[in-house]
Amino acid sequence: STGSILILPGDGIGPEVMAQVRRIIDWYGAKRGLSFDVSEDLVGGAAYDAHGVPLADETMARAQEADAVLLGAVGGPKYDDLDFSVKPERGLLRLRKEMDLYANLRPAQCFDALADFSSLKRDVVAGLDIMIVRELTSGVYFGEPRGIFTEGNERVGINTQRYTESEIARVARSAFELARKRGGKVCSMEKANVMESGILWREVVQKVHDEEYPDVELSHMYADAGAMQLTRWPKQFDVIVTDNLFGDLLSDVAAMLTGSLGMLPSASLGAPAANGRPKALYEPVHGSAPDIAGQGKANPIACILSFAMALRYSFDEGVEADRLEAAVEKVLADGVRTPDLLGEEGTDPVTTEGMGDAILKALDAS
Ligand code: NAI
Ligand code: MG
């Protein structure tokens with residue numbers, strides 16, 4: 001078998017977009033000889049309805065065993081009043097935490113046919129393909145001390161930016177590994193001019209590079225300058241690696257370079273297992289979209305591109321990932337559009353399944 005995949009469709013449009021991914025996985029089995037060992041389970045509100053918890057222990061154990069976990073989306077109005085401890089998003093947080101997924105990969109890829117959706121000029125973004133790697137499990141969102149304390153006669157709110165050498169080194173390795181499968185370049189962003197953690201970040205990334213990845217081209221940039229460069233000429237970058245806070249901001253900026261939420265995939269990777277494959281969770285950036293759930297309006301491309309990332313980064317099937325991305329590019333160039341991609345054009349939209357049909361047809365022709 002090529003490897004094991006655990007599918008967690010979740011709530012709202014999650015199952016609708018995941019149904020199209022299943023068809024594509026089946027296509028790879030039938031036409032390209034990739035025999036994935038696929039199983040499916042519950043997460044989020046769906047798991048709460050069945051088990052009273054947003055992620056059952058048994059599902060957690062299966063996720064730990066799988067080569068790749070594909071997740072749809074969790075949450076919805078039905079679950080908004082639940083106790084915090086069993087809210088649907090706790091299921092997702094538990095997966096990220098227990099799998100120790102420290103590298104969050106957010107590609108910003110702009111298909112030519114959609115370049116007019118960008119908030120930037122067409123020539124700045126058309127054909128863009130960059131990857132932001134955000135450290136996800138440490139930094140200022142987790143560092144101690146944290147809290148609101150009383151100091152004299154007023155209160156003070158405190159968070160601590162804290163990174164150990166090993167935390168920096170492991171996310172740097174993720175970025176260098178990715179660069180080797182992509183354009184061979186990494187730009188590391190911090191604020192070494194004003195932050196101690198930034199000084200250490202720069203030093204450790206440089207050391208990991210020099211000792212283990214001298215073949216990758218490494219540059220460093222202050223994160224504020226990086227934000228400017230990202231909107232001025234984003235095509236100068238290949239892989240950007242940065243901390244949790246800067247990555248939160250920079251990945252949202254990058255998302256807006258490319259347009260619709262229905263197009264954005266992501267991956268979260270952890271440490272390599274014994275077979276060399278990293279712990280991995282792939283999911284679209286969007287949520288469960290209750291406003292359009294059950295109507296066949298959801299764009300499945302974000303979820304499909306998340307599977308393309310799994311092909312590339314979990315299964316080392318870069319050629320097949322390219323094939324799937326090219327099929328998506330082809331249907332977009334042909335003018336196939338779910339409602340979210342319509343803009344001013346006024347063509348008739350296709351349904352979620354219609355988009356799946358078109359992508360399968362393009363795969364057949366590839
Ligand atoms: P959302 O991403 O679900 O939807 C925002 C807007 O984008 C909506 O108008 C929606 O219709 C549209 N949209 C999203 N994905 C689309 C797609 N594939 N095709 C076409 N249109 C799409 O974010 P929102 O509305 O803030 O949250 C809805 C629920 O999803 C909440 O319960 C929230 O907690 C949850 N959520 C879950 C996430 C996850 O599972 N990772 C991430 C974000 C939100
Ligand atoms: Mg954010």
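A residue is taken to be near a molecule if its C-beta atom, placed from the backbone, lies within 6 Å of it. With that cut-off in mind, and bearing in mind that this is a predicted model, begin by selecting ligand 1 and the 22 residues around it, of which Gly-75, Gly-262, His-286, Gly-287 and Asn-299 come nearest. Colouring this shell by class will show eleven nonpolar, seven polar and four charged residues.

Next, colour the chain by its domain assignment, which gives domain 1 as 1-110 + 260-366 and domain 2 as 119-258. The centres of the two domains, taken over C-alpha atoms, are separated by 25 Å. Their contact draws 20 residues from domain 1 and 23 residues from domain 2. On the side of domain 1 that touches domain 2, the elements that give two or more residues are β4 (103-109) and β11 (265-272), and the largest share, seven residues, comes from β4. By class, the residues on this side of domain 1 divide into twelve nonpolar, four polar and four charged.

Now turn to the largest nonpolar core, which has 106 residues, and pick out Val-69, Leu-70 and Val-133, the members that touch the most others. Helix α10 (residues 301-313) gives the most to this core, with eleven residues. Because domain 1 and domain 2 both give residues to the core, it lies between them. Centre the view on Leu-70 and show its contacts beyond four places in sequence, which are Ile-5, Ile-7, Leu-8, Val-21, Tyr-282, Ser-306, Phe-307 and Ala-310.

Finish at Arg-32, which lies in helix α1 (residues 14-32). This residue has 16 other C-beta atoms within 10 Å and is therefore partly exposed. Select Glu-320 along with Arg-32: the two are 288 residues apart in sequence, yet 8.5 Å apart in space, C-alpha to C-alpha.

Notes. Residues are numbered from 1 along each chain as its sequence is written. Chains are lettered from A and ligands numbered from 1 in the order in which they are written. This is a predicted model: local features need pLDDT of at least 70, side-chain atom pairs count only at pLDDT 80 or more; totals for chains, interfaces and linings use all residues. Helices (H or I, at least four residues) and strands (E, at least two) are DSSP runs, numbered from the N terminus. A residue is buried if 20 or more other C-beta atoms lie within 10 Å of its own, exposed if 12 or fewer, and partly exposed in between; C-beta atoms are placed from the backbone. Ala, Val, Leu, Ile, Met, Phe, Trp, Tyr, Cys and Pro count as nonpolar, Asp, Glu, Lys and Arg as charged, and the others, Gly among them, as polar. Domain bounds come from an automatic or database domain assignment. Two residues are in contact if their C-beta atoms, placed from the backbone, lie within 7 Å. A nonpolar core is a set of buried Ala, Val, Leu, Ile, Met, Phe, Trp, Tyr and Cys residues joined through C-beta atoms within 7 Å.
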